[in-house]
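Please read this briefing beside the sequence and the three-dimensional view. It opens with a few lead sentences and then goes through the model topic by topic.

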Amino acid sequence: MTIEYSTRLFERDSDIRALGTGLLACTLPREAWTHEAHLGACLWLLSERPDVDVDAAIGDIIRRFNESVGGVNDDTQGYHDSITRAYVAGVRLFLSDTAETGLAARVNAMLLSDVGRRDWPLRFYSRELLFSVPARRGFVAPDLAPLPQA
């Protein structure tokens, strides 16, 4: 059974910048940390924050944020490394191929693309592997197809 979600799009560039800065500062409200916010913040970090090494820092950024809003990062909840790294690869791929120039326009186009789908990582991972404890706790290479390279 597949659950369909309606995609929440962003109206302004400033909305995306605010969620990205809120993520980094751990001031973003927990309820604002949606699927769309995850991807929007990732695109913002990759395209507007060259001072942040996304590959090295993304895990700590998200874990710290989760804990700041009372979340737990353990074997069953919170930060999921393999899903995050899959989406980072997808956002990079999207950025390498988009003609959109405004931040909100780029994020919205990505959210409406294949990369923006909630099940996008399952193109590369079996459900069993992706939702395993090792894949949550650290990066595990995909078992169905390699992640795309930008």
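**Briefing on the predicted model**

Tyr 87, Trp 120 and Phe 124 form one aromatic cluster, where rings of Phe, Tyr and Trp (its six-membered ring) pair if their centres lie within 6.5 Å, and planes under 30 degrees apart count as stacked, over 60 as edge-to-face and the rest as tilted. This is a predicted model, in which local features need pLDDT of at least 70 and side-chain atom pairs count only at pLDDT 80 or more, while totals for chains, interfaces and linings use all residues. Residues are numbered from 1 along each chain as its sequence is written, and side-chain values use heavy atoms, with hydrogens and water left out.

**Aromatic pairs**

- A search of the whole structure gives three aromatic pairs, and one of them is edge-to-face, between Trp 120 and Phe 124, with 4.8 Å from centre to centre and 65° between the planes.
- Trp 120 counts as buried at 4% relative accessibility, and Phe 124 is buried with a relative accessible area of 11%; here buried means under 20% relative accessible area, exposed over 50%, and partly exposed in between, using a 1.4 Å probe and protein chains only.

- In soluble globular proteins, nonpolar side chains tend to be buried together.

**Helix 2 and its surroundings**

- Because 10 of its 14 residues are buried, helix 2 is largely enclosed by the rest of the structure; the buried residues include His 35, Glu 36, Leu 39, Leu 43 and Trp 44.
- These buried residues of helix 2 pack against helix 1, helix 3, helix 4 and helix 5, where contact means heavy atoms within 4.5 Å.
- The end C-alpha atoms of helix 2 are 20 Å apart, in agreement with the 20 Å that its 14 residues should span at 1.5 Å a residue; the expected span is 1.5 Å times one less than the number of residues.
- Leaving aside neighbours within four places in sequence, Leu 43 is in contact with Val 91, Phe 94, Leu 95, Leu 103, Arg 106, Val 107 and Met 110.

**A buried arginine**

- Arg 106, in helix 5, is buried yet has no salt bridge, and the nearest side chain of opposite charge, Glu 48, is 4.0 Å away; Lys and Arg count as positive and Asp and Glu as negative, whereas His and the chain ends are not counted.
- Beyond its neighbours within four places in sequence, Arg 106 has contacts that include Leu 43, Ser 47, Glu 48 and Phe 94.

**Salt bridges**

- A search of the whole structure finds 12 salt bridges, each being a side-chain nitrogen of Lys or Arg within 4 Å of a carboxyl oxygen of Asp or Glu.
- Arg 8 forms a salt bridge with Glu 36, with the closest N and O atoms 2.8 Å apart; Arg 8 lies in the segment before helix 1 and Glu 36 in helix 2, so the pair ties together parts that are 28 residues apart in sequence.
- Within this pair, Arg 8 counts as partly exposed at 45% relative accessibility, whereas Glu 36 counts as buried at 1%.
- Arg 85 forms a salt bridge with Asp 81, the closest N and O atoms being 3.1 Å apart, and the two are separated by about one helical turn because they are four residues apart in helix 4.
- Asp 119 forms a salt bridge with Arg 117, with 3.0 Å between the closest N and O atoms, and salt bridges that share partners join Arg 8, Glu 36 and Arg 118 into one network.

**The loop between helix 1 and helix 2**

- Cys 26 lies in this loop and has a positive phi of about 60° although it is not a glycine.
- Most residues other than glycine have a negative phi.
- Pro 29 is in the loop between helix 1 and helix 2 and counts as partly exposed at 40% relative accessibility.
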